[in-house]
Amino acid sequence: MKTLLNIIWLVLSGFWLFLGYVLAGVLLCVTIIGIPFGIAAFRIAGYALWPFGRTTVERRDAGAPSCVGNVLWLVLAGWWLALAHITTGIALCLTIIGIPFGVANFKLIPVSLLPLGREIVRTDEPFGARVA
């Protein structure tokens, strides 16, 4: 079921979200200061491309630079992205068929608000990355 939802998501909106986040990542990586934000945008792009069956977890070893970076991201871009995901999520939830896709848009809100210090993992192994 996750694969079918991901394919429909990819065709309807995931590809365009992916392209938008990749373009933002490339533009951010042009400057040295923007590289961490560009990497975060690439991470979100992968999540936006294939969201079903994956989730985000907080990295405990992120530290103070991630906190400062998240504040900058939130002020400059995060709240705009969150508003866009809320708006499209509500619009998608107006139809019964669109509800899973609206929920997927709502899942993108936390990572679009505060992307630094987060990791995207499969839902069946949310703590698998921590074991190693």
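The side chains of Glu 58 and Arg 60 meet in a salt bridge, with 3.7 Å from N to O, where a salt bridge is a side-chain nitrogen of Lys or Arg within 4 Å of a carboxyl oxygen of Asp or Glu. This is a predicted model, in which local features need pLDDT of at least 70 and side-chain atom pairs count only at pLDDT 80 or more, while totals for chains, interfaces and linings use all residues. Residues are numbered from 1 along each chain as its sequence is written, and side-chain values use heavy atoms, with hydrogens and water left out.

**Salt bridges**
- A search of the whole structure finds 3 salt bridges, and another of them joins Asp 61 to Arg 59 at 3.2 Å, N to O.
- Asp 124 pairs with Arg 122, their closest N and O atoms being 2.9 Å apart.
- Arg 60 is exposed, with a relative accessible area of 73%, whereas Glu 58 is partly exposed at 46%; buried means under 20% relative accessible area, exposed over 50%, and partly exposed in between (1.4 Å probe, protein chains only).

**Nonpolar core**
- The largest nonpolar core has 17 residues, of which Trp 9, Phe 52 and Leu 108 touch the most other members; such a core is a set of buried Ala, Val, Leu, Ile, Met, Phe, Trp, Tyr and Cys residues joined through side-chain atoms within 4.5 Å.
- Leaving aside neighbours within four places in sequence, Trp 9 is in contact with residues including Leu 17, Phe 52, Phe 101 and Leu 108, contact meaning heavy atoms within 4.5 Å.
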